[in-house]
Amino acid sequence: MDTAPGGPVVFGHAEHAAGDDARFAGATEDELTGLICGLDRTEAAACALKLAAVAELIRRSPEDGCELEGPAQMPVTWHEFTVAELGDALAETRHAAEGMLSLAHELEVKRPGTKAAFRAGVLRLAKVQILARGTVNLTPEEARAVEALVLGRAGRLTPGGLRSAVAPR
């Protein structure tokens, strides 16, 4: 698995190559394709880092009486006002905020490999969501077993292929 994350350096090179008019005048088609791939990794890494911050928000606002547990040191659930707080901060719907919190929790508790591949830019958000939906009803151990079967090729699979790979048998 390629572990070179996208990041500010890739973004800076893309900004420079884009020029003031964002037309990439000096870039060949191959260079443009490389920039697109690099920016895709950068976008994934930034999104993964945002969800890591959301996970930390969960750790800092557990539901009353919930202890931090397991290797990820996550509570089973978060305080009821965390959804509203996140939604307000991002000007998002309650549904969208709940989705972010749920995905951040799932990545921390059930899918450390997926979390790492996401942070490395190997998987984009849509594929991470496919993996999460495909294993949402599994225990952490079962989810990791499915993850182990598909993670090495998940970045190369189409979304449909990935859905098929994680579908219950």
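## A tour from the cavity outwards

Start by selecting Ala48, Leu51, Ala52, Ala104, Leu107, Glu108, Lys115 and Phe118, which line the largest cavity (a set of points on a 1 Å grid over the protein atoms alone where a 1.4 Å probe fits but cannot get out; lining residues have an atom within 4 Å of a point). Helix H2 (29–60), helix H4 (94–109) and helix H5 (112–119) each give two or more residues to this lining (helices are DSSP runs of H or I, at least four residues, numbered from the N terminus).

A word on what is on screen: this is a predicted model, in which local features need pLDDT of at least 70, side-chain atom pairs count only at pLDDT 80 or more, and totals for chains, interfaces and linings use all residues. Residues are numbered from 1 along each chain as its sequence is written, and side-chain values use heavy atoms, leaving out hydrogens and water.

Now colour the lining by type: 6 residues are nonpolar, none polar and 2 charged.

Next, stay with H5 and select Gly113, Thr114, Ala117 and Phe118, which are buried (under 20% relative accessible area, with a 1.4 Å probe and protein chains only). They sit on the same side of H5 because they cover an arc of only 135 degrees around the axis, taken from the directions from the helix axis to the C-beta atoms. Show H2, H4, helix H6 (125–134) and helix H7 (140–154) too, as these are among what covers the buried residues of H5. After H5, stop at glycine 121, where phi is positive, near 85 degrees.

Finally, go to isoleucine 36 in helix H2. Isoleucine 36 counts as exposed because its relative accessibility is 55%, the cut-off being over 50%.

Notes:
On a 1 Å grid over the protein atoms alone, a cavity is a set of points where a 1.4 Å probe fits but cannot get out, and a pocket is an open set with protein on both sides within 12 Å along at least five of seven lines; lining residues have an atom within 4 Å of a point. Ala, Val, Leu, Ile, Met, Phe, Trp, Tyr, Cys and Pro count as nonpolar, Asp, Glu, Lys and Arg as charged, and the others, Gly among them, as polar. Contact means heavy atoms within 4.5 Å.
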